[in-house]
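These are my notebook entries on one structure.

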Amino acid sequence: MNLPTEFSALIERARTAVRLHPVDGEPAVGESHLGGPLLWPASEPWPTCPVTWPPKAEATDDGWTGGHPDDEPVPAMVGAAQFYRRDFPELPFPDGTDLAQVLLCPTFHTSKRHYGPAVRLVWRDSKTGGEVAEAPEPPEEADDMFLPQPRVLNPCRLEEFPYVDEFPLDRRVELGLPASGDDVDYELGQFSKVGGWTAWYAGDPEDLSCRECGARLRQAIALATQEDEVPCGCERRDDEEAGWEFGEQGALNIFLCPTDPRHPVKVRTE
Ligand SMILES: [Zn+2]
Ligand SMILES: [Zn+2]
């Protein structure tokens, strides 16, 4: 990626992004994937949408103004992705866990900064065993645009740099950065990934403090509508979209607390 060397403040903040390179396939419960079967114990209830109105404490984001009415049945969620630690050691797995699972409630929900599916992130120990649950059918009210097709992953790693927007306006001059991101000639590609930086298009990095501890949340998982053909240094060019659409051909970004990944996540569609 071409970044003028005078922007050392950006260069010093390089992060590894693990590009997923999803391809058509038949992923198994024992594999990392998008849209395949989750390793979900039959002994555990299948999760339902955490976003109700009025909001419940475990809701994925703050400031919800819309969700499922508290007095109506809350829809079952849809398995969107799972990531094993052996494939994605970059994810901040809490002690005793080696599997991260992402579930979506595939309807529109409204919060101050997100309009789209609700998200649940589950950390699990894959070695606890037992019978695996069969996923329920997507709920009747599901929006087809939020339902993925099964994809196996073919990850590669690349370096990403932050947008200037990630720095507070009053610090940019001191750091030798231009006041506006428009003056830096690079763009993050849009693709599904773990880690890296957020490709802000529609929004900006505001209101990203942890609801529990106040720490600034960090980009952790991006589920993209399309897989951009940007050079990532590997030869894999057989990218296949997962069949969902977030925002205006955007990406659903999941942010985690750096203090404790079990603190409530936030979601931004960009
Ligand atoms: Zn919901
Ligand atoms: Zn926190």
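**Entry 1. Secondary structure and overall dimensions**

I began with the secondary structure of the chain, which comes to two helices and 15 strands. I then checked the radius of gyration, which is 18 Å; this is close to the 18 Å that the globule rule gives for 270 residues, so the chain is as compact as a globular protein of that length. I note here that the model is predicted. For the C-alpha trace I recorded spans of about 55 × 45 × 35 Å along the principal axes. Of the 270 residues in the chain, 52% are buried.

**Entry 2. The zinc ion (ligand 1)**

Which protein atoms are the donors of the zinc ion (ligand 1)? I found C49 (SG), H68 (NE2), C105 (SG) and H109 (NE2), lying 1.9 to 2.3 Å from the ion. The angles that these four donor atoms subtend run from 105 to 113 degrees, which makes the arrangement tetrahedral. For reference, I set beside this the ideal angle for four tetrahedral donors, 109.5 degrees.

Along the chain, the donors of the zinc ion (ligand 1) follow the spacing C-x18-H-x36-C-x3-H. I then placed two of them: C49 lies in the loop between β3 (33-34) and β4 (52-53), and H109 in strand β8 (residues 99-111), so the pair ties together parts that are 60 residues apart in sequence.

Are C49 and H109 buried or exposed? C49 has a relative accessible area of 4%, and because the cut-off for buried is under 20%, C49 counts as buried. H109 is likewise buried, with a relative accessible area of 1%.

**Entry 3. The zinc ion (ligand 2)**

I next looked up the zinc ion (ligand 2), which is coordinated by C210 (SG), C213 (SG), C257 (SG) and H263 (ND1) at 2.1 to 2.3 Å. The site of this ion is tetrahedral, with angles of 102 to 117 degrees among its four donor atoms. Its donors follow the spacing C-x2-C-x43-C-x5-H along the chain.

Where do C213 and C257 lie? C213 is in the loop between β12 (193-195) and β13 (218-224), and C257 is in the loop between β14 (251-256) and β15 (266-269). This pair links distant parts of the chain, 44 residues apart.

C213 is partly exposed, with a relative accessible area of 38%, whereas C257 is buried, at 3%.

**Entry 4. Cavity and pocket**

How many cavities of 30 Å³ or more are there? I counted one. About 60 Å³ of space lies in the largest cavity. Its lining consists of G189, Q190, F191, K193, A199, Y201, A222, A251, N253 and E270. I sorted the residues of this lining into five nonpolar, three polar and two charged.

The largest pocket has a volume of about 330 Å³. It is lined by 17 residues, of which G35, G36, V78, G79 and A135 lie nearest its centre. The lining of the largest pocket divides into 12 nonpolar, three polar and two charged residues.

D207 has a phi near 55 degrees, a positive value in a residue other than glycine. I located D207 in the loop between β12 and β13. At 33% relative accessibility, D207 counts as partly exposed.

Q249 also has a positive phi, near 55 degrees. Its place is in the loop between β13 and β14. Q249 is partly exposed, with a relative accessible area of 37%.

**Entry 5. A224**

Is A224 buried or exposed? Its relative accessibility is 0%, so A224 counts as buried. I also looked up its separation from R151: the C-alpha atoms of A224 and R151 are separated by 13 Å, and the two residues are 73 apart along the chain.

Methods:
Residues are numbered from 1 along each chain as its sequence is written. Chains are lettered from A and ligands numbered from 1 in the order in which they are written. This is a predicted model: local features need pLDDT of at least 70, side-chain atom pairs count only at pLDDT 80 or more; totals for chains, interfaces and linings use all residues. Side-chain values use heavy atoms; hydrogens and water are left out. Donors are N, O and S atoms within 2.8 Å of the metal (3.2 Å for Na, K and Ca); water is not among the atoms, so sites may look incomplete. Four donors count as tetrahedral if all angles lie between 85 and 135 degrees; four count as square planar and six as octahedral if opposite donors are over 155 degrees apart and all others between 65 and 115; anything else is irregular. Helices (H or I, at least four residues) and strands (E, at least two) are DSSP runs, numbered from the N terminus. Buried means under 20% relative accessible area, exposed over 50%, partly exposed in between (1.4 Å probe, protein chains only). On a 1 Å grid over the protein atoms alone, a cavity is a set of points where a 1.4 Å probe fits but cannot get out, and a pocket is an open set with protein on both sides within 12 Å along at least five of seven lines; lining residues have an atom within 4 Å of a point. Grid points are joined across faces, edges and corners, and a volume is the space filled by probe spheres set on the points. Ala, Val, Leu, Ile, Met, Phe, Trp, Tyr, Cys and Pro count as nonpolar, Asp, Glu, Lys and Arg as charged, and the others, Gly among them, as polar. The radius of gyration is taken over C-alpha atoms; the globule rule is 2.2 Å times the number of residues to the power 0.38.
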